[in-house]
Amino acid sequence: MRKVARVVLLDPRDRVLLLHGHEPDDPANDWWFTPGGGVEGDETRAAAALRELVEETGITEVALGPVLWRRRCSFPFAGRRWDQDEWYYLARTTQTATRATALTELERASVAGARWWACEELARTHETVYPTRLAGLLRTLLDEGPPARPVTLDTEIV
């Protein structure tokens, strides 16, 4: 089980930043997802979240908040199955320009860019977004604030 830290990054207009990913050999097989990635060595999940955010987006001006959600997922990608235990951190920034600074070879082959999404846009989109209930989760977050303790999301198996 791969330990993963993800970031629900909100800008001053409460838009969330998502990365546009695809299968390395099939750009038509695509989806949107929150920045983040695997914990390395003995780093904490919070440290991994901030490191991954910088590597994938170049955003350094971040106020990292609490863990909002936890989720286990399993999915095929790049010729193998990935089993992950993901923690989603809330973060805020005023820095909205993005520029990947340190993508891995696999990320360079599978990440097509980033986009800020309004909650209403997420609710209307027919594109694939992970986690699949992100629009509703984001609406609840914006309406009610962060949960008192992390919410465990349903396991997603693709």
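Trp31 and Phe77 are both buried, where buried means under 20% relative accessible area, exposed over 50% and partly exposed in between, with a 1.4 Å probe and protein chains only. This is a predicted model, in which local features need pLDDT of at least 70, side-chain atom pairs count only at pLDDT 80 or more, and totals for chains, interfaces and linings use all residues. Residues are numbered from 1 along each chain as its sequence is written, and side-chain values use heavy atoms, with hydrogens and water left out.

The structure holds four aromatic pairs, a pair being rings of Phe, Tyr or Trp (its six-membered ring) with centres within 6.5 Å, counted as stacked if the planes are under 30 degrees apart, edge-to-face if over 60 and tilted otherwise. The rings of Trp31 and Phe77 have centres 6.0 Å apart and planes at 85 degrees, so this pair is edge-to-face. Ring pairs also link Trp31, Phe77 and Trp82 into a cluster.

Turning to helix H4 (residues 134-144), its buried residues are Leu134, Ala135, Leu137, Leu138 and Leu141; helices (H or I, at least four residues) and strands (E, at least two) are DSSP runs numbered from the N terminus. Seen down the axis of H4, these buried residues fall within an arc of 165 degrees, so they line one face of the helix, the arc being that of the directions from the helix axis to the C-beta atoms. On the other side of H4, Asp143 and Glu144 are exposed. Just after H4, Gly145 takes a positive phi of about 85 degrees.
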